Amino acid sequence: MSASKKRQAAFLSEQELFQSLTKSAFEFLEKAIAEFEHSTKFSTVNFAIAIELFLKARLMREHWSLLLDKPDQGDKTDFFKGEARTVSPDQTMERLKRIAGVAIPAHFREAFLKIASHRNKMVHFVHADDREDDNATAQIAAEQCAGWLSLRVLLESWPEFSEFENDIWRVGHAMERHRAFLEAKFDSKADVLKEHRDAGKRVGSCPSCKFEAVLIEPPHGAISSGSCVVCWYAGSEIELACINVDCAQPIQFNSYESAPNECPHCATAIDEAFLTEALDTGEGVHQDNYFDHININCSQCTGYHTGVEHHDLYVCVQCLDSSEVMEVCDYCGEGQIGGVPENSYLVGCEVCDGAAGNMRDD
Ligand SMILES: [Zn+2]
Ligand SMILES: [Zn+2]
Ligand SMILES: [Zn+2]
Ligand SMILES: [Zn+2]
């Protein structure tokens with residue numbers, strides 16, 4: 001590297017570094033998709049790198065030093081030259097959550113970590129390319145579909161990436177090619193789908209693999225759970241009535257891609273207050289139950305007081321995850337969708353550290 005180039009690299013601004021990380025992430029992602037049919041190994045490695053870069057780019061928007069393995073020992077010049085040790089994908093997601101308050105729902109994290117662990121396995125073996133085995137190839141194709149769905153939903157919801165709209169569209173288009181590797185799996189599920197339809201139940205289109213392969217169960221109020229027989233997708237379909245009484249039209253969406261920003265019929269903004277009003281079938285808080293009322297948090301997205309009762313379900317108005325299970329933390333007395341750890345008095349819940357955590361602080 002020439003002296004002048006070196007100086008340039010050292011003085012990359014934060015905005016330039018963000019741009020550079022994001023562009024590089026798209027490059028790796030497109031490479032991953034393009035080489036899928038030749039080598040699932042190299043495709044997986046590049047896909048994993050892309051996920052890592054996107055998450056780092058988002059974390060960087062909070063502060064560049066958060067990307068350092070040890071932020072307190074950070075040296076800005078080293079970092080901007082690309083010579084500092086940086087965080088792992090898992091740490092990146094943890095810091096996004098704890099420091100930046102950016103929650104990545106647990107099922108998205110799982111999709112990312114699945115690809116990361118697959119990459120770790122594959123890089124250690126010369127013949128880790130599963131391309132000869134059609135089943136294994138289909139598995140990896142499904143894994144990448146889930147990874148892309150999760151990435152796309154996050155990138156579209158993070159305003160920091162709004163200028164990359166065209167890149168997102170291009171990747172989405174390129175990902176369509178993965179369908180070819182899932183065709184056989186879809187065909188093999190024809191009986192299961194027919195049985196479901198014959199039982200009078202609905203089959204929906206999968207936001208992850210795009211096949212008409214989601215088995216939709218009968219609704220609990222506005223929420224019907226669905227699971228795809230081709231890929232790993234498991235989310236719910238939600239159909240609620242617009243809260244604007246003059247409109248009251250049905251609005252449909254799935255829990256993965258979340259609600260639209262506004263009602264498609266009357267353009268009323270759809271925010272958490274809208275979803276609470278549309279979904280909360282519980283008693284709400286009033287004078288008589290003020291002291292008995294339990295606030296409900298969400299373990300999927302760590303949403304604080306974002307849980308509402310919806311018929312026999314509990315649903316989070318932030319990430320739209322739902323469950324029949326809600327348990328109260330023995331330490332802080334708050335509720336949590338999906339339940340709390342067995343010894344919650346000691347270990348706490350998503351919003352408290354429990355007795356053990358408090359003892360540590362003293
Ligand atoms: Zn699917
Ligand atoms: Zn409306
Ligand atoms: Zn949530
Ligand atoms: Zn608690």
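## Reading the model

Helix axes here are lines fitted to C-alpha atoms over the stretch in contact, and the angle between two of them runs from 0 to 180 degrees, taken between N-to-C directions. Helices (H or I, at least four residues) and strands (E, at least two) are DSSP runs, numbered from the N terminus.

Keep in mind that this is a predicted model: local features need pLDDT of at least 70, side-chain atom pairs count only at pLDDT 80 or more, and totals for chains, interfaces and linings use all residues. Residues are numbered from 1 along each chain as its sequence is written, while chains are lettered from A and ligands numbered from 1 in the order in which they are written.

## Helix α3 against α6

Let's start with α3 and helix α6 (residues 106–123), which pack at an angle of about 135°, with axes 9 Å apart. That makes the two helices, α3 and α6, oblique to each other (under 35 degrees counts as roughly parallel, over 145 as roughly antiparallel, 65 to 115 as roughly perpendicular, and the rest as oblique). The crossing of α3 and α6 is left-handed, a term used if the near helix is turned anticlockwise from the far one by less than a right angle; clockwise would be right-handed.

Who does the touching? On the α3 side, the contact has Lys-41, Thr-44, Val-45, Phe-47, Ala-48 and Ile-51. On the α6 side, look for Phe-112, Ile-115, Ala-116, His-118, Arg-119, Met-122 and Val-123. Two residues are in contact if their C-beta atoms, placed from the backbone, lie within 7 Å. Sorted by class, this contact of α3 with α6 has 9 nonpolar, 2 polar and 2 charged residues (nonpolar: Ala, Val, Leu, Ile, Met, Phe, Trp, Tyr, Cys and Pro; charged: Asp, Glu, Lys and Arg; polar: the others, Gly among them).

## Helix α3 against α7

Helix α3 (residues 40–60) also packs with helix α7 (residues 134–157), at an angle of about 15° and with axes 11 Å apart. So α3 and α7 are roughly parallel to each other, and their crossing is left-handed.

From α3, the residues making this contact are Thr-40, Thr-44, Phe-47, Ile-51 and Phe-54. From α7, they are Thr-137, Ile-140, Gln-144, Gly-147, Leu-151 and Leu-155. The contact of α3 with α7 counts 6 nonpolar and 5 polar residues, with no charged ones.

Now for some strands. Strand β2 (residues 212–216) pairs with strand β3 (residues 223–228) in the antiparallel sense, over 3 bridges; two strands pair if DSSP finds at least two bridges between them. In this pairing, Leu-215 stands opposite Ser-227 in β3. The hairpin of β2 and β3 has 6 residues between the strands, and Gly-221 takes a positive phi near 65° there.

β3 is also joined to strand β4 (residues 234–241), by 5 bridges, and the two run antiparallel. Here Ser-227 stands opposite Ala-234 in β4. β3 and β4 form a hairpin too, with 5 residues between them.

## The sheet β7-β8-β9

An open sheet of 3 strands has the order β7-β8-β9, with antiparallel pairing. β7 and β9 (322–323) stand at the edges with a single partner strand each, so one side of each has no neighbour in the sheet. Strand β7 (residues 307–310) is joined to strand β8 (residues 313–316) by 4 bridges, and Val-308 stands opposite Val-315 in β8. β7 and β8 form a hairpin with 2 residues between them, and His-311 in the turn has a positive phi of about 50°. As a rule, side chains in a regular strand alternate between the two faces of the sheet.

Thr-302 sits in the loop between β6 (296–298) and β7, and its phi is near 55°, a positive value in a residue other than glycine. Leu-320, in the loop between β8 and β9, also has a positive phi, near 70°.

The cut-offs are 20 or more for buried, 12 or fewer for exposed and partly exposed in between, counting other C-beta atoms within 10 Å, all placed from the backbone. Met-359, in helix α13 (residues 354–361), counts as exposed, with 10 C-beta neighbours inside 10 Å. Met-359 and Ser-39 are 320 residues apart in sequence and 52 Å apart in space, C-alpha to C-alpha.
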